[in-house]
Amino acid sequence: MTVNGAPRTIRCEPDAPLLDVLRHDLGLSGPRFGCGVGLCGACYVLMAGQARSSCDFPAWAAEGTDVTTVEGLAAGGTLHAVQQAFIEEQAAQCGYCTSGMIVSAVALLGRNPSPDEDQVREALEGNLCRCGAHRRIINAVLSAAAAVSHGAARPGASAGPGAAG
Ligand code: FES
Ligand code: FES
């Protein structure tokens, strides 16, 4: 599979979840383990432009696919517009949910560059934040969308590394 733009060959147990391969074999600590059953969003990664859970996705099923983690969103030393907006809006408290939130937001902007608040809320439904930082998270996504649409940030809405940065 390709991970953050680089081809990677992995040997793993047949039942190894993609999340374990990303974290333990590839050292990518952005995707986090939360619930382990696809219900919290902490482990989300981009696959084919869609945010999806990696904790319940078999690593073998990712063969031949492009996987982007939060680490792969910045390009050339420049943060993705969503990453930048999360910093500016101080949209993280403990930060455990943040990478998954960012991944879902990037996927949203990839299919809808100008979402309204309801669309942002809907897109982030699968991402839980135990700290209650939802207001600032939504503000950050709306801010990122505005920045991209006004040309204040490089368009980072598409899912792939480089293009997404
Ligand atoms: S850890 Fe994967 S969705 Fe919760
Ligand atoms: S910032 Fe702590 S879980 Fe969201």
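This is a predicted model: local features need pLDDT of at least 70, side-chain atom pairs count only at pLDDT 80 or more; totals for chains, interfaces and linings use all residues.

Biologist: Let's begin with H5. How do you know that the distance between its ends agrees with its number of residues?

Modeller: Helix H5 covers residues 134-149, which is 16 residues. The expected span is 1.5 Å times one less than the number of residues, so H5 should span 22 Å, and its end C-alpha atoms are 23 Å apart, which agrees.

Biologist: Good. Which residues of H5 are buried, and what do they pack against?

Modeller: The buried ones are Ile137, Ile138, Ala140, Val141, Ser143, Ala144, Ala145 and Val148. They pack against helix H2 (81-88), helix H3 (98-111) and helix H4 (117-123). After H5 comes Gly151, with a positive phi near 75 degrees.

Biologist: Now the pair H2 and H5. What makes H2 oblique to H5?

Modeller: Two packed helices are described by the angle between their axes and the distance between the axes. For H2 and H5 the angle is about 130 degrees and the axes are 8 Å apart. That angle makes H2 oblique to H5, because an angle over 145 would count as roughly antiparallel and one of 65 to 115 as roughly perpendicular. The crossing of H2 and H5 is right-handed.

Biologist: Which residues make that contact, and how do they divide by class?

Modeller: H2 brings Ala81, Val82, Ala85, Phe86 and Glu88, while H5 brings Ala140, Val141, Ser143, Ala144, Ala147 and Val148. The residues of this contact of H2 with H5 divide into 9 nonpolar, 1 polar and 1 charged.

Biologist: And H2 with H3: why is that pair called oblique?

Modeller: The axes of H2 and H3 cross at roughly 130 degrees and come within 9 Å. H2 and H3 are therefore oblique to each other. Their crossing is right-handed. Val82, Gln83 and Phe86 of H2 meet Thr98, Ile102, Ala105, Val106 and Leu109 of H3. By class, this contact of H2 with H3 has 6 nonpolar, 2 polar and no charged residues.

Biologist: What makes H2 "mostly covered"?

Modeller: Of its 8 residues, 6 are buried: Ala81, Val82, Gln83, Gln84, Ala85 and Phe86. H3 and H5 are among what covers them.

Biologist: Let's turn to the loops. Why is Ser54 called buried?

Modeller: A residue is buried if 20 or more other C-beta atoms lie within 10 Å of its own. Ser54 has 29 within that distance, so Ser54 is buried. Ser54 lies in the loop between strand S4 (50-52) and strand S5 (66-68). Leaving aside neighbours within four places in sequence, Ser54 is in contact with Pro17, Leu18, Leu19, Leu22, Pro31, Cys43 and Val45. In helix H1 (residues 18-25), the buried residues include Leu18, Leu19 and Leu22. H1 is followed by Gly27, whose phi is positive, near 70 degrees.

Biologist: What about Arg130: how do you know whether to call this residue buried or exposed?

Modeller: A residue is exposed if it has 12 or fewer such neighbours. Arg130 has 12 C-beta neighbours inside 10 Å and therefore counts as exposed. Arg130 sits in the loop between H4 and H5. Its C-alpha atom is 29 Å from that of Val148, a residue 18 places away in sequence.

Definitions and conventions. Residues are numbered from 1 along each chain as its sequence is written. Chains are lettered from A and ligands numbered from 1 in the order in which they are written. Helices (H or I, at least four residues) and strands (E, at least two) are DSSP runs, numbered from the N terminus. Two residues are in contact if their C-beta atoms, placed from the backbone, lie within 7 Å. Axes are lines fitted to C-alpha atoms, for helices over the stretch in contact, and angles run from 0 to 180 degrees between N-to-C directions. Angles under 35 degrees count as roughly parallel, over 145 as roughly antiparallel, 65 to 115 as roughly perpendicular and the rest as oblique. A crossing is left-handed if the near helix is turned anticlockwise from the far one by less than a right angle, and right-handed if clockwise. Ala, Val, Leu, Ile, Met, Phe, Trp, Tyr, Cys and Pro count as nonpolar, Asp, Glu, Lys and Arg as charged, and the others, Gly among them, as polar.
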